[in-house]
Amino acid sequence: MPSIGSVQKMEEALSLAEPQGPSGLIEPDAGAVLALACHCAMVDNGFVCMRPNGDASSKWMPQPRWSVELKDEWVFRYSMPGKRNTLVLHCSLQRASGRMLAHTIEAGNERNSHLLGLLLEKYVPDASKLSSKSWEGVLQHTDALVPMMQQHLLSPLLEAAEDAINTACSSGEAWAAGNAGARSPASRWLAYVMNPLGGPEGAGGGAGSYVVPAVLLTGVA
């Protein structure tokens, strides 16, 4: 499928991610629509969505229950050929300001963290279209969204991401390496969004909620 830099191509990608249109979302919401568009941009740039057992009828489909896992937050997890660690897209909506914060981060390396602020009304201006079974006209300004994501979120994330090692490594060792240093605020927050139901630290998560570090909450486009 060609690049989704145009509105038409983005609508095609969205229809593959959710064939029933915005009305097919568990909770139709402008924030969820913009988050799903950001996910489509990730997939279009080679990120491979991680799903239980790898089940999916299309590479564009996100993880199950992605839109209801957290309140006003949407988390997508990816692998990338040639990269060692899980790569995460975390979108959070500040409803009072109407600002969406799109955040990419490499699991186990909190320094490889990038943020882009997006004005929700600019990209999803007509709430009446959220009940539609078609994606036509739901999302606007794709021609601006995708290049900004590539410049500020995707390219720097991949440039700094750790390459896959050639020597054999057990899944347990890889997971431990991917969650090293999970006691700092940023990486403890990452551990939470990687496993929101909680679990022992070092095994994919930690009990309790973690707030996105305040230093990350900057920027708007």
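**Close-up views of one predicted chain**

F76 counts as buried, at 0% relative accessibility; buried means under 20% relative accessible area, exposed means over 50%, and partly exposed lies in between (1.4 Å probe, protein chains only). The model is a predicted one, in which local features need pLDDT of at least 70, side-chain atom pairs count only at pLDDT 80 or more, and totals for chains, interfaces and linings use all residues. Residues are numbered from 1 along each chain as its sequence is written, and side-chain values use heavy atoms, with hydrogens and water left out.

**View A. The chain as a whole has six helices and five strands.** Helices (H or I, at least four residues) and strands (E, at least two) are DSSP runs, numbered from the N terminus. Along the sequence, the order of elements is α-α-β-β-β-β-β-α-α-α-α. The chain has 221 residues, and 47% of them count as buried. Among contacts with a separation of 6 or more, 60% are between residues 24 or more positions apart; contact means heavy atoms within 4.5 Å. About 10300 Å² of the chain is accessible surface, and carbon and sulfur atoms hold 53% of this area (Shrake-Rupley method, 1.4 Å probe).

**View B. Helix 1 packs against helix 2.** Two packed helices are described by the angle between their axes and the distance between the axes. Helix 1 covers residues 7-17 and helix 2 covers residues 30-44; the angle between them is about 100°, and their axes are 10 Å apart. The axes are lines fitted to C-alpha atoms over the stretch in contact, with angles from 0 to 180 degrees between N-to-C directions. Helix 1 and helix 2 are therefore roughly perpendicular, a term for angles of 65 to 115 degrees. From helix 1, the residues M10, A13, L14 and A17 meet L36, A37 and C40 of helix 2. By class, this contact has seven nonpolar residues, no polar ones and no charged ones.

**View C. The whole structure holds two aromatic pairs.** Rings of Phe, Tyr and Trp (its six-membered ring) pair if their centres lie within 6.5 Å; planes under 30 degrees apart are stacked, over 60 edge-to-face, and the rest tilted. F47 and Y78 form an edge-to-face pair, 5.8 Å from centre to centre, with 70° between the planes. This pair links distant parts of the chain, 31 residues apart: F47 lies in the loop between helix 2 and strand 1 (48-49), and Y78 in strand 2 (residues 73-79). F47 is buried, at 2% relative accessible area, and Y78 is buried too, at 0%. In the pair of W66 and F76, the ring centres are 5.3 Å apart and the planes are at 35°, so this pair is tilted. W66 is in the loop between strand 1 and strand 2, while F76 is in strand 2, so the pair ties together parts 10 residues apart in sequence. W66 is buried, with a relative accessible area of 9%.

**View D. D72 has a positive phi.** Most residues other than glycine have a negative phi. The phi of D72, which is not a glycine, is near 60°. D72 sits in the loop between strand 1 and strand 2. Its relative accessible area is 16%, so D72 is buried.

**View E. H141 also has a positive phi.** The value for H141 is about 60°, although the residue is not a glycine. H141 is found in the loop between helix 3 (120-123) and helix 4 (142-160). At 39% relative accessibility, H141 counts as partly exposed.

Conventions:
Parallel < 35°, antiparallel > 145°, perpendicular 65-115°, else oblique. Nonpolar A, V, L, I, M, F, W, Y, C, P; charged D, E, K, R; others polar.
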